[in-house]
Amino acid sequence: MRRATGLQVELPVAGRIVLVVGGGPQALGKIALLRGSDAEVTVIAPAAIASIADLAARGLVRWHRRELIENDLDECWLVVAATGDPASDAAVTERAAARQRFCLPGSGGVPVRSAMPPGGSRLGGRVVLVGGGPGDPGLITVSGLTAIRAADVVVHDRLAPLAVLDQVRAGTEIIDVSKIPGRATTPQYEINRLLVDHARAGRIVVRLKGGDNFVFGRGGEEWQACEQAGIEVQLVPGVSSALAVPALAGIPLTHRTANQGFTVITGHVPPGDPRSMLDYAALARSRTALVIMMGVANLAAIAAALLAGGLDPQTPAATIADGSLPGQRLVKAPLVEIGAATGAAGIRPPAITVIGSVAAFDPAATS
Ligand SMILES: C[S@@+](CC[C@H](N)C(=O)[O-])C[C@H]1O[C@@H](n2cnc3c(N)ncnc32)[C@H](O)[C@@H]1O
């Protein structure tokens, strides 16, 4: 049988002075957690790591650069012993007890608090727009996962991290509204209607998408539909595949010696198409790395438009398919060949193409 070791409680630290004794990494996690709970944090340490010194310099915590004195204990509501040395922590705990101050140990993991309300506290029907990251279930945020665990209904797309659907509560309804190229899809007005109807019925509806809902994800439209229907909307940003997929393929989108920015575009309509809003000549001149999403079918035409706009034919380029997923693939070629190379490799969506010198990044090279 498991022995009870104490009572788990949430301490109401907001607005109260909490003393953190210690200036090392053990203290930093506690300080961040306490600040997130709106405590007035005072750090007591003769020296501190850079992040703590920075918080103090920005006025976000008070820092007394010295050892603990008895006056400190008189002024505080709670003490955290986080020196990193068990004997010193024990001494702090003893001194706090002598002054009748409750003292928490600094050892152990720091619980990561989610920005989402916990599952038990029902605020009524609402829609939570959750960005799920590029597909690997490990790349959803803590808040995203919390929302999924609290959901009554999850409305998801095919590029969402599908493995996290395993985490829903018993009885949660899962609705697949994937838009698969070349197949019958659920129209957007129908998705909007589903979100609104379920929320109106008092349910917590998670709209789970791949990446971030506001990056080519129609999150803005879904928010507007909910707003017009008087439905509360909460937002949980996700890690966009525009950033994560190049990173996982070893491509830093910016590099101090290579560029001063990156541009993310959709390639789902070809250059010259009346629906295209993009100025490819301007993109060719931008000197930023280009990240092309939804561009597999039009990649050769896009590359041709960039070449016509004056981009060097030998500019490095890379296409990454199924980033973060078990079948992740990478094709590298100069701009002039990237369309043909991507096609020859049989790359299919979802894929992202990066154009710019960063596509040839070599971690072993010196910058
Ligand atoms: C409709 S957009 C949605 C983008 C998403 N909201 C985001 O922030 O990542 C779909 C496109 O995102 C890119 N994409 C999404 N997930 C991907 C992945 N795991 N690997 C490669 N590309 C991906 C592809 O270009 C795909 O065609």
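Me: What share of the contacts in the protein chain with a separation of 6 or more comes from residues 24 or more positions apart?

Reply: Those residues account for 64% of them, where a contact means heavy atoms within 4.5 Å. The chain is a predicted model, in which local features need pLDDT of at least 70 and side-chain atom pairs count only at pLDDT 80 or more, while totals for chains, interfaces and linings use all residues. Residues are numbered from 1 along each chain as its sequence is written, and side-chain values use heavy atoms, leaving out hydrogens and water.

Me: How many helices and strands does the protein chain have?

Reply: There are 11 helices and 15 strands. Along its principal axes, the C-alpha trace spans about 75 × 60 × 40 Å.

Me: Why is His156 called buried?

Reply: Its relative accessible area is 6%. Buried means under 20%, exposed over 50% and partly exposed in between, with a 1.4 Å probe and protein chains only, so His156 counts as buried. His156 belongs to strand 7 (residues 153–156). Leaving aside residues up to four places away in sequence, His156 touches Leu162, Leu165 and Ile174, among others, and also Arg207 and Leu208. Across the 367 residues of the chain, 43% count as buried.

Me: What makes the buried residues of helix 7 line one face?

Reply: The buried residues of helix 7 (residues 219–228) are Gly219, Glu222, Ala225 and Cys226. Seen down the axis, they fall within an arc of 125°, so they line one face of the helix; the arc is taken from the directions from the helix axis to the C-beta atoms. An α-helix has 3.6 residues a turn, so residues three or four places apart point the same way. The face turned away from the buried side carries the exposed residues Gln224, Glu227 and Gln228.

Me: What do the buried residues of helix 7 pack against?

Reply: Their partners are strand 6 (126–131), helix 6 (188–200), strand 9 (204–209) and strand 10 (232–236). Strand 6, strand 9 and strand 10 are also included in what covers the buried residues of helix 5.

Me: What volume does the largest pocket have, and which residues are the closest to its centre?

Reply: The largest pocket has a volume of about 1200 Å³. Of the 42 residues that line it, Arg158, Leu159, Phe216, Met294 and Pro350 are the closest to its centre. Helix 8 (241–248) and strand 15 (351–355) each supply at least two lining residues.

Me: How do you know that the peptide bond between Pro349 and Pro350 is cis?

Reply: Its omega is about 5°, and the bond is cis. Most residues other than glycine have a negative phi, and most peptide bonds are trans. Pro350 sits in the loop between helix 11 (335–344) and strand 15.

Me: Why does Arg218 count as partly exposed, and Arg287 as exposed?

Reply: Arg218 has 38% relative accessibility, so it falls in the partly exposed class. Arg287 has 73%, so it is exposed. Arg218 has a positive phi of about 60° although it is not a glycine, and Arg287 has a positive phi of about 60° too. Arg218 lies in the loop between strand 9 and helix 7, while Arg287 lies in the loop between helix 9 (280–285) and strand 12 (289–293).

Note on methods: Helices (H or I, at least four residues) and strands (E, at least two) are DSSP runs, numbered from the N terminus. On a 1 Å grid over the protein atoms alone, a cavity is a set of points where a 1.4 Å probe fits but cannot get out, and a pocket is an open set with protein on both sides within 12 Å along at least five of seven lines; lining residues have an atom within 4 Å of a point. Grid points are joined across faces, edges and corners, and a volume is the space filled by probe spheres set on the points.
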